[in-house]
Amino acid sequence: MFVKTDSEEVSYKINPKVPDSEDMLHMYQFAGRIVGKAIFERITFDMHFDNCLLKAIAGKSPTLEDLKSLDTPVIIRAHCLRVTNLIC
């Protein structure tokens, strides 16, 4: 369901290779209930979600800085291109 991100930070993102299905939707809903219950009960667990996923949960749009948590090398190259108009 979740995989580690390709960044320097240890965080998790939704696995893009998981097929879209009704069963997987139920699994994600179940995982969301577990996380929600842990937050409600003030129980900490050692799992960090990437900033994009957290912003999606909060109903906000991710920024370029948030995208770094998904794939740092790609974002660094994109930022270089945006700033310098050159290939890095």
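Modeller: Two residues are in contact when their heavy atoms lie within 4.5 Å. This is a predicted model, where local features need pLDDT of at least 70 and side-chain atom pairs count only at pLDDT 80 or more, while totals for chains, interfaces and linings use all residues. Residues are numbered from 1 along each chain as its sequence is written, and side-chain values use heavy atoms, with hydrogens and water left out.

Colleague: Thanks! In what order do the elements of the protein chain run from the N terminus on?

Modeller: The protein chain has four helices and two strands, which are DSSP runs (helices H or I, at least four residues; strands E, at least two) numbered from the N terminus. Starting at the N terminus, the order of the elements is β-β-α-α-α-α.

Colleague: Let's zoom in on Ala38. Is Ala38 buried or exposed?

Modeller: Ala38 sits in helix H1. Its relative accessibility is 9%. Buried means under 20% relative accessible area, exposed over 50% and partly exposed in between, with a 1.4 Å probe and protein chains only. Because its value is 9%, Ala38 counts as buried.

Colleague: Leaving aside its neighbours within four places in sequence, which residues is Ala38 in contact with?

Modeller: We set aside residues within four places of Ala38 in sequence.

Colleague: How far apart are the closest N and O atoms of Glu41 and Lys37?

Modeller: Side chains of opposite charge can pair when their charged atoms come close. The structure holds one salt bridge, a term for a side-chain nitrogen of Lys or Arg within 4 Å of a carboxyl oxygen of Asp or Glu. Glu41 forms this kind of bridge with Lys37, and the closest N and O atoms are apart by 2.8 Å.

Colleague: One more: of the contacts between residues at least 6 apart in sequence, what share joins residues at least 24 apart?

Modeller: Here we look at the protein chain and take contacts between residues at least 6 apart in sequence. Among them, the share that joins residues at least 24 apart is 39%.
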